[in-house]
Amino acid sequence: MKLNRRSISELRWIRGFVAFVAASSVVLLQGCATFGDQAPPEERVHKRAQARWDALVAGHVENAYGFNTPGYRESVDLATFRSRVGNPLVKLKGAKVEAVKCVETSCDVTIRLYFVPLQPGFPELDNQHTERWVFSDGNWWRFEKF
């Protein structure tokens, strides 16, 4: 194929157009990723609270500890936290976040807990539990008195 000035000019235009489309796609995808972080507080807290309780049900105390406020984790070490939650009087069978209500930088989360008492002969039970989550340092954390 013989290339003339017109063919070279067309090839440069096509190459520029392809580069523009590729760059635009990257910018668009980055924008979508950033937008995902802007989810409403209720949605973000719902996901974090459910993940925390999923960790507790699975016995992953270290993971659950990481959802507490940075101030709590500075004051209460993992071993102390483990002694508080690691030896329950019941066997957790499941947990489901039922409601999240937020006002500014604070959310109240209602969770349905499913458990079996460790004493023989008791059936599986469930109970509602409410906990507070607060926004600090760019994220939502479970607030726990210490």
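User: When do rings count as an aromatic pair, and which residues form one aromatic cluster?

Analyst: Rings of Phe, Tyr and Trp (its six-membered ring) pair if their centres lie within 6.5 Å; planes under 30 degrees apart are stacked, over 60 edge-to-face, and the rest tilted. Here Tyr-65, Tyr-72 and Phe-81 make up one aromatic cluster. The model is predicted, so local features need pLDDT of at least 70 and side-chain atom pairs pLDDT 80 or more, while totals for chains, interfaces and linings use all residues. Residues are numbered from 1 along each chain as its sequence is written, and side-chain values use heavy atoms, without hydrogens and water.

User: How many aromatic pairs does the whole structure hold?

Analyst: The search finds 4. In one of them, Phe-67 and Trp-133 have ring centres 6.3 Å apart and planes at 65°, so this pair is edge-to-face.

User: Which residues does Arg-48 touch?

Analyst: Contact means heavy atoms within 4.5 Å. Leaving out residues up to four places away in sequence, Arg-48 touches Phe-67, Trp-133, Asn-139, Trp-140 and Trp-141.

User: Over the face of which ring does Arg-48 lie?

Analyst: A charge sits over a ring if NZ of Lys or CZ of Arg is within 6 Å of the ring centre and within 35 degrees of the ring normal. Arg-48 lies over Trp-141, 5.0 Å from the ring centre. Likewise, Arg-52 lies over the face of Trp-53, at 5.2 Å.
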